[in-house]
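Hi,

Here is the structure we talked about.

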Amino acid sequence: MNNLLAPHTIDHYLALFGAKRNKLGVHWETTGEPGEETLHFRLAFDGEEPETQGCIDIFELLKSVCANGLYDIHSCTCGQPGCAGFTGGTTVVHMSGLVLWKTDAGRIESLYLFEYPQFREEILRASRDALTFLDRTDKRSLAYDDATLEQLAIAIEAAEDDQDRVLHPLADSKEPEW
C-alpha cells in the first residue's frame, strides 16, 4: 500500500487533512437524441464539479470501492484514458474506514480523503440509479459501446459484495491482471 503513495506515507496524508473529510458526489447524464442517448457519469467533490474530468469510467470507479490500486477513473468515451489526455491515473487507498484518493492524471491533479461508507454508498447509489434508467430505455448504452447493461449489473453486484475483482467490459480476458 505504501508504494502507491510514494514518496509520502499514510501518516503524511492524515496529518495533511487533519479532521477534514471530503464528500464525493456521483451523478449521471445522458447525451444524444431520445432513444439514442448515451449515459455519462460525472463526479463532484464537496459539491463542486471539476471542469476537466473527461468521461468517468464507472467500472474503474466500482473497482475502487473494493480494493487499493491505481485506477483509470478519468477516461475518454472510447475507453482509453490517454486519448483524452489523462495519464497517471487515480491512486485509491483504503485505510481505517477512510479512502484516500490521489489523482495525477495529466489534466487533473487532486487529493481527497473520504469516509468509506459515504464513498461506497454514493458510487453504488449512482450506479444502481443508472442501471434502473438504462433498463427502462430502448437504447442501453454507456459511454463506451462495448459495455452492456448486464456487465454493469455484474460490476455493481461485485462491488456490493466487496469483491476485489469487478470485471471491466473492455478487459481482454475473464481474468484481468489488476
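In what order do the elements of the protein run from the N terminus on? They go α-α-β-β-β-α-β-β-β-β-β-α-α, which comes to five helices and eight strands. Keep in mind that this is a predicted model.

Of the 178 residues in the protein, 48% are buried. The accessible surface is about 9000 Å², and carbon and sulfur atoms account for 47% of that. Taking contacts between residues at least 6 apart in sequence, 49% join residues at least 24 apart.

I also went through the salt bridges, and the whole structure has eight. One of them pairs Arg 128 with Glu 160, at 2.6 Å from N to O. Arg 128 sits in helix α4 (residues 116-135) and Glu 160 in helix α5 (residues 149-160), so this pair ties together parts that are 32 residues apart in sequence.

Glu 49 is partly exposed at 35% relative accessible area, whereas Arg 42 is buried at 15%. Likewise, Glu 121 is partly exposed at 39%, while Arg 120 is buried at 15%.

Last, Asp 72: this residue is in the loop between β4 (69-71) and β5 (74-75) and is partly exposed, at 35% relative accessibility. Beyond its neighbours within four places in sequence, Asp 72 contacts Asp 57, Glu 60, Pro 81 and Gly 89.

Cheers

Key. Residues numbered from 1 in each chain as written. Predicted model: local features only at pLDDT ≥ 70, side-chain atom pairs only at ≥ 80, totals over all residues. Heavy atoms only, no water. Helix = DSSP H or I, 4+ residues; strand = E, 2+ residues; numbered from the N terminus. Buried < 20%, exposed > 50% of the residue type's maximum accessible area, 1.4 Å probe, protein only. Contact = heavy atoms within 4.5 Å. Areas by Shrake-Rupley, 256 points an atom, 1.4 Å probe, with all protein chains shown as cover. Salt bridge = Lys/Arg side-chain N within 4 Å of Asp/Glu carboxyl O.
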